[in-house]
Amino acid sequence: MAAVTLAEALAEAARLLAEAGVPSPRVDAELLAAHLLGESAGRVRALALTGAASPEGLAELVAERARRVPLQHITGKAYFRHLELDVGPGVFIPRPETETVAQHAIDAARQTPGAKVVDLGTGSGAIAGSIASEVPGAEVYAVELSELAHAWAARNLEPLGVVLVRGDLRTALEEHDGTFDVVVSNPPYIPPDAVPVDPEVAEHDPELALYGGGADGMELPRATAASAARLLKSGGYFIMEHAEVQAPAVSKLLVDAGCWNDVGTVSDLTGRERATAAVKR
Ligand SMILES: C[S@@+](CC[C@H](N)C(=O)[O-])C[C@H]1O[C@@H](n2cnc3c(N)ncnc32)[C@H](O)[C@@H]1O
């Protein structure tokens with residue numbers, strides 16, 4: 001029998017999504033219904049309790065999610081700190097652990113009135129947009145190489161007044177060398193032999209956003225650190241996300257460069273060493 005009430009439709013959707021290996025089937029079912037109804041997930045739960053009808057089109061969206069299309073590509077939205085970002089094919093979906101990296105950059109930017117900040121490899125604009133919206137008066141720049149990601153970033157960052165540059169983080173903004181107070185980045189860093197297992201990542205996050213280059217995935221992180229060194233003024237703050245296993249290599253890279261003080265690993269909310277920060281000498 002076809003499911004007719006919202007409660008029945010959600011139960012069936014959760015069953016199908018669980019069968020497809022989606023990690024949070026019930027929540028995703030509720031979020032898809034919320035997207036169709038233009039309501040919050042909490043309101044969807046309340047509606048399900050009161051015998052409301054299932055929205056038209058839910059089965060189609062559930063089938064798409066069961067094919068492991070990312071939830072954010074189906075709804076067109078990703079949530080990062082206080083921001084609702086427009087996302088879709090061609091742009092990296094921002095991750096919760098990056099919110100901690102953004103927090104450290106925000107804390108550093110708040111220490112300098114009118115701080116000049118740049119986000120290297122901005123993707124959807126998650127980090128740059130958060131800084132622009134949470135640090136009033138900051139002058140925020142963002143750099144992105146991919147044409148498609150740049151287009152998504154433009155949609156998200158223009159309303160926030162961020163200066164978005166299409167270019168290679170290795171050479172971008174050379175005319176601003178030595179002028180930034182904060183450089184923040186979540187560059188590509190996955191090694192070539194560590195292909196992600198989740199289809200949402202392996203098949204839908206752009207390769208340019210994932211693989212760092214070189215046998216250890218460290219080519220882009222190394223280039224990011226070199227760019228941070230040229231872009232920052234003396235006393236400027238740098239923070240970069242990386243894989244947990246790369247923490248010792250990133251620390252060593254910064255210490256060996258000889259132009260950084262206070263090199264230190266930064267843990268995410270689950271205690272994993274997922275970023276490294278330093279102060280330009
Ligand atoms: C891991 S994603 C992070 C995106 C975003 N900062 C976030 O945290 O959600 C890395 C981003 O760097 C961009 N990128 C890769 N190589 C680049 C390069 N050489 N110059 C500038 N951006 C680059 C990718 O297109 C991608 O958007």
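Is threonine 122 buried or exposed? Threonine 122 is buried, with a relative accessible area of 6%; buried means under 20% relative accessible area, exposed means over 50%, and partly exposed is in between, using a 1.4 Å probe and protein chains only. Before we go further, please keep in mind that this is a predicted model, in which local features need pLDDT of at least 70, side-chain atom pairs count only at pLDDT 80 or more, and totals for chains, interfaces and linings use all residues. Residues are numbered from 1 along each chain as its sequence is written, and side-chain values use heavy atoms, with hydrogens and water left out.

Let us stay with threonine 122 for a moment. You will find threonine 122 in the loop between β3 (116-120) and α7 (126-134); helices (H or I, at least four residues) and strands (E, at least two) are DSSP runs, numbered from the N terminus. If you set aside neighbours within four places in sequence, the contacts of threonine 122 (heavy atoms within 4.5 Å) are Ala128, Ala142, Val143, Glu144, Ala153, Leu157 and Leu164. The side chain of threonine 122 also makes a polar contact of 2.7 Å with the side chain of aspartate 119. A polar contact is a pair of N or O atoms within 3.5 Å; within protein, one must be able to donate a hydrogen and the other to accept it, and residues adjacent in sequence count only if both atoms are side-chain atoms.

The loop between β3 and α7 also holds glycine 125. Glycine 125 is buried, with a relative accessible area of 0%. Not counting residues up to four places away in sequence, glycine 125 touches Ser130, Ala153 and Leu157.

Under "binding site", an unreviewed UniProt entry lists Gly121, Thr122, Gly123, Ser124, Gly125, Glu144 and Asn186. These residues are spread over 66 residues of sequence, yet they cluster in space, with a largest C-alpha distance of 11.6 Å. UniProt positions are given in the numbering used here, feature names are shortened, and annotations may be inferred rather than shown by experiment.

Now look at the ligand. There are 19 residues around the ligand, and Gly121, Glu144, Asp168, Leu169 and Asn186 come nearest; a residue counts as near when one of its heavy atoms lies within 4 Å. A backbone N or O atom of glycine 121 lies 2.9 Å from a nitrogen atom of the ligand. For leucine 169, a backbone N or O atom lies 2.8 Å from a nitrogen atom of the ligand. Threonine 122 takes part too, with a polar backbone atom 3.4 Å from a nitrogen atom of the ligand. On its own the ligand has 590 Å² of accessible area, and the protein covers 98% of that; such areas come from the Shrake-Rupley method with a 1.4 Å probe, and for residues only the protein chains shown count as cover.

Proline 188 sits in the loop between β6 and α9 (199-202), and at 13% relative accessibility proline 188 counts as buried. Beyond four places in sequence, the contacts of proline 188 include Leu208, Leu210, Gly217 and Pro221. Tyrosine 189 lies in the loop between β6 and α9 and is buried, with a relative accessible area of 11%. Among the residues that tyrosine 189 touches, beyond four places in sequence, are Asp216, Glu241, His242, Gln246 and Arg274.

Leucine 208 is partly exposed, with a relative accessible area of 47%. Its contacts, leaving aside neighbours within four places in sequence, are Leu145, Ser146 and Pro188.

Finally, turn to strand β7 (residues 232-241), where seven of the 10 residues are buried. Strand β6 (residues 180-185) pairs with β7 in the parallel sense over five bridges; two strands pair if DSSP finds at least two bridges between them. Within this pairing, serine 185 has methionine 240 of β7 as its bridge partner. Strand β9 (residues 273-280) pairs with β7 in the antiparallel sense, over five bridges, and there the bridge partner of tyrosine 237 is valine 279.
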